[in-house]
Amino acid sequence: MSDIKETKLSLEPCDGILFEGPFNRSVNKKLVIGNPSKTQKMAFKMKTTTPKLFFVRPNIGVLEPGEKVNVDIYMQPILQEPVQKRHKFLLQAVEVTGEMTDMQEFWKQQKEQKPENIWDTKIRCELVFSKDEQFRQAGGSARSPVDNKDGEDHFDAQEISEPVAKLLKQVSKLEDERLALKEEVDTLRDQTIGPDSGQKMMQRSRQGRSTLFYVVAFFLTILAAFVGAFYGKNYL
């Protein structure tokens, strides 16, 4: 970490980010980054220990004196393997004294030539699993998820495109609607008296859940195609 002790950027929330399950859909949280200086322009960059789990928009930028920016952090759906509960982001900042035409090249030069000028701070985030997910996590692994240790590598947080961000929000909305529909059907089924009424209600319930399942599956297929294309372009 840099030896510069003065706080260069402000954060809201300042005590970390909490992601609450269920995590079978994308979860979105906002982080507000501010430049408290009245005279100095600041460049910022986001890094993370788990770049395949989180996308950030924007992940890099420049803040004018007194300016703030809303950063969207998208967590990918967890569909199979257990994951650790705690993760970290690293926010870096450096003063901008001249014109900047290429932010990536600017940060490359700063890292190579003036690393002592880079201010940074860690942002801790924690996953709060639902009761069902806690049960699956315990059943799917012989040990509890392992937390990140200090000293682990931080990688550049990948910026998600606007179409994929909108798709993740839509999938999350559909999952909320599915859960609300399931609760409504369960309530009506409990209130239904008589075997014939109960059987009809269960048939309607299966039909409704089946339709919504196919809609969610359709959006997840499109999302997988976007994400696959993104990683194929950037990592392969």
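Start at residue 102: at the beginning of helix 1, a side-chain oxygen of aspartate 102 comes to within 3.1 Å of the backbone nitrogen of glutamine 104. Such a polar contact is a pair of N or O atoms within 3.5 Å; within protein, one must be able to donate a hydrogen and the other to accept it, and residues adjacent in sequence count only if both atoms are side-chain atoms.

Before you click on: this is a predicted model, where local features need pLDDT of at least 70 and side-chain atom pairs count only at pLDDT 80 or more, while totals for chains, interfaces and linings use all residues. Residues are numbered from 1 along each chain as its sequence is written, and side-chain values use heavy atoms, with hydrogens and water left out.

**Stay on helix 1.** Select residues 103-113 and pick out Phe106, Trp107 and Gln110, the buried residues of this helix (buried is under 20% relative accessible area, exposed over 50%, partly exposed in between, with a 1.4 Å probe and protein chains only). They span an arc of only 95° around the axis, which puts them on the same side of helix 1; the arc is taken over directions from the helix axis to the C-beta atoms. An α-helix has 3.6 residues a turn, so residues three or four places apart point the same way.

**Next, strand 9.** Show residues 119-128 together with strand 2 (residues 17-20): the two pair in the parallel sense over four bridges. Isoleucine 17 has cysteine 125 as its bridge partner in strand 9. Then bring up strand 8, which runs antiparallel to strand 9 and is joined to it by eight bridges; look for leucine 91 opposite threonine 121. Pairing here takes at least two DSSP bridges between the strands.

**Two prolines to zoom in on.** Proline 22 is in the loop between strand 2 and strand 3 (27-34), and its peptide bond from glycine 21 is cis, with omega near 15°. Hop to proline 58, in the loop between strand 5 (54-57) and strand 6: a cis bond joins it to arginine 57, omega about -5°.

**Finally, zoom out.** The protein chain has four helices and 10 strands, taken as DSSP runs numbered from the N terminus (helices H or I, at least four residues; strands E, at least two). Of its 236 residues, 38% count as buried.
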